[in-house]
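Here is a short report on how one protein chain is put together. Keep the sequence and the 3D view open while you read.

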Amino acid sequence: MHIAVLMLALMTMANPAWAEATKPVKLVVLGDSLSAGLGLPGQEAFPIKLQKALQAKGIAVDMTNAGVSGDTSSGGRDRLDWSVPDGTDGVIVELGANDALRGIDPDLTRKALTDIVARLKARKIPVMLCGMLAPPNYGAEYAARFNSIYPDLAKTFDVPLYPFFLEGVAADAKLNQADGIHPTAAGVDIIVGRIMPTVEAFVGTIHEQQR
C-alpha cells in the first residue's frame, strides 16, 4: 500500500496533467421524475445507474441527481443556479416531459430550455440534451412544434443530443411502472445502455477541454 501511494505521488509530480485526468468528472443530471427515480429505490435512479455503468468502463464520474419530480422546463430554469453549483464539469439536461404531458405551449418550453443551455454555456459548463417526444393526444401540429425543440437547440448551441430519453422503454408495459409513464428498474437499465455512447462521448469532450 505504501509503495502504491509513493508511486502515485511520483507520477503526479512528474506529470501534473495525469493527476487532473484521474479526477472524477463532476456531472449534474438536471431533470424531472424520469431521472429523479420516482417510484424506485434511490440506487435504481438513472443518475446512479449511469455512474455505475461509466465506472464499470473505467470512466470516473461524480454524478449528482438534480431531478425534481413534477418539474417543467421552466421549473428547471428557475432552480438552475443552485442545482448546478460552481465546479460542475458538465450537465445532462433531461426536461420537457411534464411540459408535453400538460400541453404547455412549446414556445414556452423552447424559451426555458434555451435559457438553460445559454446560461450554462455562459458559465463555460458543457451541456448534453436529452430529447423528449410529445404524446399523440395533442395532435400533429403540437407534436411537430414540441419535437423540433431539442434538435433545433442542439444545432443552435452545438451541444450533443440524445434524441429521445425513453427510447426502447416508452409504451412498453413490462418496462414501466403501473402509471405507464415512469420506467421500472429494468427500464432504467435499458435507458442507461442506450444513452451510454452519447454520454461517453460527452465525457470525452469534457476531458479534452480540461487538458
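In this predicted model, helix 8 (residues 106-122) and helix 9 (residues 139-147) have axes that come within 9 Å and cross at roughly 10°. That angle makes helix 8 roughly parallel to helix 9. Helix 8 supplies Pro106, Asp107, Thr109 and Arg110 to the contact, and helix 9 supplies Tyr142, Arg145 and Phe146. By type, these residues divide into three nonpolar, one polar and three charged.

Helix 9 has a further partner. It packs with helix 10 (residues 149-157) at an angle of about 25°, with the axes 5 Å apart. Helix 9 is therefore roughly parallel to helix 10. Arg145, Phe146 and Asn147 of helix 9 meet Ile149, Tyr150 and Pro151 of helix 10. This contact divides into four nonpolar residues, one polar and one charged.

The chain holds eleven helices and five strands. In what order do the five strands line up in the open sheet? The order is 2-1-3-4-5, and the pairing is parallel. Strand 2 (61-67) and strand 5 (161-162) are the edge strands, each pairing on one side only. Strands of a sheet pair through backbone hydrogen bonds, either parallel or antiparallel.

| Strand pair | Sense | Bridges |
|---|---|---|
| Strand 1 (residues 25-31) and strand 3 | parallel | five bridges |
| Strand 3 and strand 4 (residues 127-130) | parallel | three bridges |
| Strand 4 and strand 5 | parallel | two bridges |

Individual residues can be followed across the sheet. Valine 29 has isoleucine 92 of strand 3 as its bridge partner. Isoleucine 92 in turn stands opposite methionine 128 in strand 4. Valine 91 stands opposite valine 127 in strand 4. Valine 93 faces leucine 129 of strand 4 in the same way, standing opposite it. Leucine 129 also stands opposite leucine 161 in strand 5.

Is strand 3 (residues 90-94) enclosed or open? Five of its five residues are buried, so strand 3 is largely enclosed by the rest of the structure. Both of its faces are covered. Gly90, Ile92 and Glu94 are buried on one side, and Val91 and Val93 are buried on the other. The charged residue Glu94 is thus listed among the buried ones.

Helix 4 (residues 46-56) lies across strand 1, strand 2 and strand 3. Its direction is at about 165° to strand 2. Helix 8 lies across strand 1, strand 3 and strand 4. Helix 8 runs at about 175° to strand 3.

**The nonpolar core**

The largest nonpolar core has 58 residues. Which of them touch the most other members? They are Phe46, Leu50, Val93, Leu120, Met132, Phe165 and Ile195. Helix 11 (residues 185-210) gives the largest share of this core, nine residues.

Leucine 50 shows what such contacts look like. Leaving aside residues up to four places away in sequence, leucine 50 touches Met63, Ile92, Val192, Ile195, Met196 and Val199. Ile92 brings us back to strand 3, where it is buried. Ile195 is itself listed with the core residues that touch the most other members.

**A buried arginine**

Arginine 77 is found in helix 5 (residues 73-78). Its relative accessibility is 19%, and buried means under 20%, so arginine 77 counts as buried. What does arginine 77 touch? Its contacts are Lys111, Ala112, Asp115, Ile116 and Arg119, not counting residues up to four places away in sequence.

**The chain as a whole**

Buried residues make up 45% of the 211 residues in the chain. Contacts can also be sorted by sequence separation. Among contacts with a separation of 6 or more, 76% come from residues 24 or more positions apart.

How values were computed. Residues numbered from 1 in each chain as written. Predicted model: local features only at pLDDT ≥ 70, side-chain atom pairs only at ≥ 80, totals over all residues. Heavy atoms only, no water. Buried < 20%, exposed > 50% of the residue type's maximum accessible area, 1.4 Å probe, protein only. Helix = DSSP H or I, 4+ residues; strand = E, 2+ residues; numbered from the N terminus. Pairing = 2+ DSSP bridges. Core = buried A, V, L, I, M, F, W, Y, C linked by side-chain atoms within 4.5 Å. Contact = heavy atoms within 4.5 Å. Axes fitted to C-alpha atoms, helices over the stretch in contact; angles between N-to-C directions. Parallel < 35°, antiparallel > 145°, perpendicular 65-115°, else oblique.
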